[in-house]
Amino acid sequence: MVSASQSAATAAAPMPGAPRNWDVNPVLTVEHLTMRFGGLVAVNDLSFNVGRGDITALIGPNGAGKTTVFNCVTGFYKPTEGRTVMRHGDGLLQDLVEEVTAGGLRSVQMGDRAVFLLERMPDFEISHHARVARTFQNIRLFGGMTVLENLMVAQHNVLMKASVFTIGGLLGLPRYRIAEKAAREKAVYWLERTRLIDRADDPAADLPYGDQRRLEIARAMCTEPHLLCLDEPAAGLNPRESQELNALLQFIRAEHGTSILLIEHDMGVVMEISDHVVVLDYGVKIADGDADHVKNDPKVIAAYLGVEDEDEIDIPEVKKDLSTAGKPAGQDGGVA
Amino acid sequence: MEYFVQQLINGLTLGSIYGLIAIGYTMVYGIIGMINFAHGDIFMVGSFIALATFLILTTVFGFVFLPVILLIVLIVAMLFTSAWGWTVERLAYRPLRGSFRLAPLITAIGMSIVLQNFVQVTQGARNKPIPPQIQGGVTIMEGVTENGPIAVQLSYMQMIIIVTTLVLMIGFTLLINRTPLGRAQRACEQDRKMAALLGVNVDRTISLTFVMGAALASVAGLMFLLLYGVIDFYIGFLAGVKAFTAAVLGGIGSLPGAMLGGLLIGLIEVFWSGYFTIEYKDVAAFSILAIVLIFLPSGLLGKPEVEKV
């Protein structure tokens with residue numbers, strides 16, 4: 001893992017001798033992703049890697065195409081062009097990637113290593129097999145179901161299998177009871193982690209906003225993802241909640257080894273917890289590197305502040321403004 | 001009093017049949033928001049399958065023990081009718097999912113006509129009678145009215161219908177509330193796309209919803225056959241409209257609502273014919289529907305749609 005302090009601020013090209021985690025051990029590779037809606041090009045020829053075990057932030061001004069990238073990765077949209085490779089197992093797995101691409105397959109598995117081409121998979125398999133989970137900017141809980149049930153739906157496939165397509169569930173087979181108990185325990189574990197255990201039997205729609213956000217993360221984690229995609233998890237949270245979120249994400253990464261890809265406007269969150277930052281503007285990648293590198297990139301500053309010419313950015317106040325964004329949450333980054 | 005109790009029993013019996021069909025309407029509406037107008041005809045197909053199985057068992061194989069015959073007929077009818085329900089969804093509705101709103105409605109009407117005509121052509125347009133199978137009953141009350149003595153009869157047939165419906169309803173409620181499939185169905189009702197992103201196979205869940213609806217309709221079809229002893233290719237239309245009315249009355253999308261609506265429509269019809277005129281029983285049922293919907297637009301047990309802003 002590359003820590004924020006380790007790399008120099010200038011690394012536009014890969015530094016020799018210091019291969020970065022996302023280049024050598026990516027969990028997800030997005031290659032030449034293009035998404036067009038009619039004449040509108042929302043994402044244009046975008047390539048980036050998400051390192052295994054990293055927290056990767058996807059940032060950019062409004063309308064830069066961040067959510068579109070998420071939608072392509074998680075099967076919400078079928079991308080117009082491009083390849084999205086999801087890997088289970090360390091390293092680049094180049095042999096498997098070539099095999100699956102050339103063979104016209106959706107996925108290939110060899111022992112505990114597997115490669116999935118997400119753009120070829122139907123949406124429910126992306127969660128079930130490729131193990132990519134996501135949350136939404138506008139929260140999408142099953143509002144009429146209880147908090148606990150929301151987490152049980154996320155374990156649908158395990159339970160469906162254990163209940164022999166529900167028949168066993170009706171008859172109360174021991175095998176199903178055991179699976180149901182395990183699912184409930186996992187749900188309780190995540191409810192405790194997200195401090196929602198007291199609300200387990202309330203309808204999800206009755207929770208306050210901050211709790212709903214955490215519930216969405218808990219629900220996504222119940223699918224046991226290898227990659228967790230969070231669309232603006234800190235939006236609408238107060239500074240204290242935002243701090244809690246950081247802690248939760250770091251816990252998820254440390255304890256469960258889940259790689260995290262997040263879209264975020266709160267620069268406090270981004271700069272504090274990200275190992276890797278990818279910056280989009282008008283559907284094109286303009287910077288890619290660790291937090292320090294990106295923060296000082298003139299193109300990024302220009303994109304956020306809307307400056308035509310990069311040279312104009314040599315204003316001390318502006319630079320100072322951006323660098324305060326690196327401080328803990330609670331201070332407005334001034335760039336949202 | 002005795003007369004009232006007798007009508008109550010008759011009404012509950014009829015209402016049970018309506019309720020079983022109504023569940024199919026309400027479930028499909030709940031999950032994909034379309035009115036499956038072919039559902040009444042699935043019920044009709046179910047009763048024809050029951051009839052055919054019954055005749056094959058009694059005449060070809062020479063079965064005589066009635067409970068065994070009925071059990072086999074029930075299972076065969078449920079299996080084959082489910083297959084019909086599944087096929088209708090697969091052929092006529094799934095390709096149009098995501099199309100404009102009226103498209104599935106129009107295909108559903110088309111499917112209804114197809115099924116009716118298919119049965120008419122293959123089975124003939126004439127009534128198909130079977131001799132009454134389950135006779136007798138118990139007298140639970142006796143009394144005297146101005147027209148002479150009256151005995152309240154609860155026939156075995158009525159008992160079977162009410163008990164079967166009760167058992168199915170309990171099983172079904174458990175399925176929806178306690179099993180992963182039921183949870184997936186409820187999740188799909190609220191947000192199909194999100195359910196898919198959590199690994200739920202939405203297409204399969206929808207198919208299974210049609211299968212369950214068809215299975216319940218086939219039970220209703222068998223009961224109708226045994227209760228009235230005569231079926232034809234057109235019974236699906238009126239029964240379908242009545243059951244649809246029941247689903248709307250109870251609050252479309254709500255399972256207990258469908259059952260309650262079914263019972264109410266059955267009771268209204270029977271009481272109206274018992275106390276007023278039999279010719280206007282349908283008018284009575286539909287008028288009550290209209291009145292209820294004026295004051296409770298989302299039905300008796302339906303949840304009003306709250307638009308979140």
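**Helix 1 of chain B**

Modeller: Starting with helix 1 of chain B, residues 2-32: at 1.5 Å a residue, its 31 residues should span 45 Å, and the end C-alpha atoms are 45 Å apart, so the two agree. Bear in mind that this is a predicted model.

Colleague: Is helix 1 of chain B mostly covered or mostly uncovered?

Modeller: Mostly covered; 25 of the 31 residues in helix 1 of chain B are buried.

Colleague: And what is helix 1 of chain B followed by?

Modeller: Gly33(B) follows, with a positive phi near 65 degrees.

Colleague: Moving on. Where does Met212(B) lie?

Modeller: In helix 8 of chain B, residues 202-228.

Colleague: Why does Met212(B) count as buried?

Modeller: Its relative accessibility is 13%, and buried means under 20%, so Met212(B) qualifies.

Colleague: Which residues does Met212(B) touch?

Modeller: Leaving out residues up to four places away in sequence, Met212(B) touches Met27(B), Phe172(B), Leu175(B), Leu181(B) and Gln185(B). As for Val28(B), it is 184 residues from Met212(B) along the chain, with 9.8 Å between their C-alpha atoms.

Colleague: Over to chain A. Where is Asp54(A)?

Modeller: Asp54(A) sits in the loop between strand 2 (40-51) and strand 3 (55-59) of chain A.

Colleague: Which side chain of opposite charge is nearest to Asp54(A)?

Modeller: That is Arg253(A), 4.9 Å away. A salt bridge needs a nitrogen-to-oxygen distance within 4 Å. Asp54(A) is buried yet has no salt bridge.

Colleague: What does the Asp54(A) side chain make a polar contact with?

Modeller: With the side chain of Asn21(A), at 2.9 Å.

How values were computed: Residues are numbered from 1 along each chain as its sequence is written. Chains are lettered from A and ligands numbered from 1 in the order in which they are written. This is a predicted model: local features need pLDDT of at least 70, side-chain atom pairs count only at pLDDT 80 or more; totals for chains, interfaces and linings use all residues. Side-chain values use heavy atoms; hydrogens and water are left out. Helices (H or I, at least four residues) and strands (E, at least two) are DSSP runs, numbered from the N terminus. Buried means under 20% relative accessible area, exposed over 50%, partly exposed in between (1.4 Å probe, protein chains only). Lys and Arg count as positive and Asp and Glu as negative; His and the chain ends are not counted. A polar contact is a pair of N or O atoms within 3.5 Å; within protein, one must be able to donate a hydrogen and the other to accept it, and residues adjacent in sequence count only if both atoms are side-chain atoms. The expected span of a helix is 1.5 Å times one less than its number of residues. Contact means heavy atoms within 4.5 Å.
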